[in-house]
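Student: Hi! Could you walk me through this one with me asking as we go?
Tutor: Happy to, let's bring it up.

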Amino acid sequence: MNAYEPDGRVLTEFFWSRGELDVAQGPIGSGSSTACCHRIWATALEQWPDDDGVRRTRWTVLRNSYRQLKKTTIKTWLEWFPENEWGPIVRSEPMTHHLQRPHPSGDGTVVSCEVIFLAVDGPETAEVEAASLELTGFWYNEGQFAEKEVTDEFLSRCGRYPSMRGGRGARWYGGIIDMNAPPEGHWIPYMRGDVPLPEDMTEEERAEFVKPEGWNFYVQPPALIEAREDGRTVYRENPLAENQKHLRKSYLEQIRGKKKSWINARVLNKVALEHSGQPVYPTYFESDHHRKTPLYPVEGVPLIIGLDFGREPAAVFLQMIGSQWRALSEVIGKNESAERFAPRVARELATRYPGFRVDAFYGDPRGADGTQATETTAYDIFRRHGMLVIPATSDNNRELRFSAMEGVLDRRGGLLIGPACPVLHAGMDGGYHYPKIKGRPGMVAQNPLKNRYSHVVEALENGLIGGGEGAAVTRDKSRPPAVAARMKRTKVSLARRF
């Protein structure tokens, strides 16, 4: 077998990691499946020898069906462990391949690695199949189709082979998963924090998505970079893309004639949001407008808070650095009144932004209509908690909102959303959209869908419009371009309240 060397920083980190569960997500052709094949053998070489001088490991390789195993996974496996060199695969189901070689160190020990190729189509099958297995590790190939219950079941069987009766047991045990970008509802994006958990999840259900210690997630760079030129989407080669030297066809060739959803998941390595229709802001690009590393508030720069009211309220905490708006954090309400939401916003200010000046709170004009909590308006409630809210506009003109946001997105470096705003990022990335009209192919509704993403995006719109972007659209030179002069600048200190 030829020497293997992973091509790329993330792929190398994944290959040499020995976490309890290591997950690699990348574009097609990024080399993660090959890395998993070699990692199985690398782990076998690292295993302690038993008392009889044999280094034993046992793996199971999982896919949803035997057809998938035969069509793709085993083909990849045999490219590196061909039968004429490593012995025949037993093709009865489940299929097995027993690799056995003297250890390359020349210490006289023998490496014995059993690999079982197993089809598991769901948690029920996993429970039956895993019950009889004692494993060192498992590899789930194409993990975008893997259910968490299946992963949990097989992980519970790892570390049971080899037995400690004849030696020291397993030096390392656990699971590895390779995958393309999964859909929004998949458990891995939830556990990584890429996508917000559904609002109707119970606390018990949410506990399932707290990342255990020893679980590691590796996300490879996108194969292409998406950008806008002259109002159209263009793609360029990404110099950071991994495993490119082994590709037979360039990514630009591979995307020809492909749907946007296919390009997003298979090439751009983006989690696909579950929606049908058209995004409200198609010029929002993750590569341009989102950062996975924290955005910290800049000392001496005041905050602007955008608010949206109703039973699903939202707040976005903003700073303007030069000509760039930065969304630093968000507070999302779930079926709650302004009476409950206002203290949460105040607490966010006190804990995350102590000592920072707030220039203004800009809200939905409907917050002053007297319908939020009996005869008291949302604006009244916020004022009682030390926060004076100003209507961002006199009405909810959709065209003004769209034009203001598009102006920011079109401006080079105009908007940056940090990782503390997961719902806002998901909403801007297509979660906030115009739904399709049933029975009318190609037609979408005139108004955006009111959903879990719409409120926080509208809060951002309110912050931007109130902060001066609305004046830029209407060319009203009488208004200051950054912060409305209607409010006296005062330092808001809320720490004593909590």
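Student: Which residues gather in the patch of negative charge on the surface?
Tutor: This is a predicted model, and in it the negative surface patch consists of Asp121, Glu124, Glu127, Glu147, Glu149, Glu204, Glu205 and Glu208.

Student: Which helices each supply at least two residues of it?
Tutor: Those are α5 (123–131) and α8 (203–207), each giving the negative patch at least two residues.

Student: And where is the place of Glu149?
Tutor: Glu149 sits in helix α6, which covers residues 148–155. Its relative accessible area is 45%, so Glu149 is partly exposed.

Student: OK, switching to charge pairs. How many salt bridges does a search of the whole structure find?
Tutor: The search turns up 21 salt bridges. As background, side chains of opposite charge can pair when their charged atoms come close.

Student: Give me one. What does Arg58 form a salt bridge with?
Tutor: The partner of Arg58 is Glu114, and their closest N and O atoms are 3.3 Å apart. Because Arg58 belongs to strand β2 (residues 54–63) and Glu114 to strand β4 (residues 110–119), this pair ties together parts that are 56 residues apart in sequence.

Student: Is Arg58 buried or exposed?
Tutor: Arg58 counts as buried, at 17% relative accessibility. Glu114 is partly exposed, with a relative accessible area of 24%.

Student: What about Arg91, which residue is its salt-bridge partner?
Tutor: Arg91 pairs with Glu83, with 2.9 Å between the closest N and O atoms. At 28% relative accessibility, Glu83 is partly exposed.

Student: And which side chain meets Glu461 in a salt bridge?
Tutor: That would be Arg401, at 2.8 Å from N to O. Glu461 is in helix α16 (residues 454–474) and Arg401 in helix α14 (residues 398–410), so the bridge ties together parts that are 60 residues apart in sequence.

Student: How buried are those two, in relative accessible area?
Tutor: Glu461 is buried, with a relative accessible area of 1%. Arg401 also counts as buried, at 4% relative accessibility.

Student: Which residues do salt bridges with shared partners join into one network?
Tutor: Asp50, Asp52 and Arg56 are joined that way.

Student: New topic: strand β6. How many of its residues are buried?
Tutor: Strand β6 (residues 174–179) has 6 of its 6 residues buried, so the rest of the structure largely encloses it.

Student: Which residues lie on each of its faces?
Tutor: On one side of β6 are Gly174, Ile176 and Asp178, and on the other are Gly175, Ile177 and Met179. These residues are all buried, and both faces of β6 are covered.

Student: Does β1 pair with β6 in the parallel or antiparallel sense, and over how many bridges?
Tutor: Parallel: strand β1 (residues 21–25) and β6 pair over 5 bridges. Within that pairing, Leu21 has Gly175 of β6 as its bridge partner.

Student: How many bridges join β5 to β6?
Tutor: Strand β5 (residues 137–140) is joined to β6 by 4 bridges, and the two run parallel. Tyr140 stands opposite Ile177 in β6.

Student: Last one: how many residues of helix α15 are buried?
Tutor: In helix α15 (residues 422–431), 9 of the 10 residues are buried, so the helix is largely enclosed by the rest of the structure. Its buried residues are Val423, Leu424, His425, Ala426, Gly427, Met428, Asp429, Gly430 and Gly431.

How values were computed
Residues numbered from 1 in each chain as written. Predicted model: local features only at pLDDT ≥ 70, side-chain atom pairs only at ≥ 80, totals over all residues. Heavy atoms only, no water. Salt bridge = Lys/Arg side-chain N within 4 Å of Asp/Glu carboxyl O. Buried < 20%, exposed > 50% of the residue type's maximum accessible area, 1.4 Å probe, protein only. Patch = residues over 30% accessible without salt bridge, like charges linked within 9 Å, V, L, I, M, F, W, Y side chains within 5 Å. Areas by Shrake-Rupley, 256 points an atom, 1.4 Å probe, with all protein chains shown as cover. Lys, Arg positive; Asp, Glu negative; His and termini not counted. Charge placed at Lys NZ, Arg CZ, Asp CG, Glu CD. Pairing = 2+ DSSP bridges.
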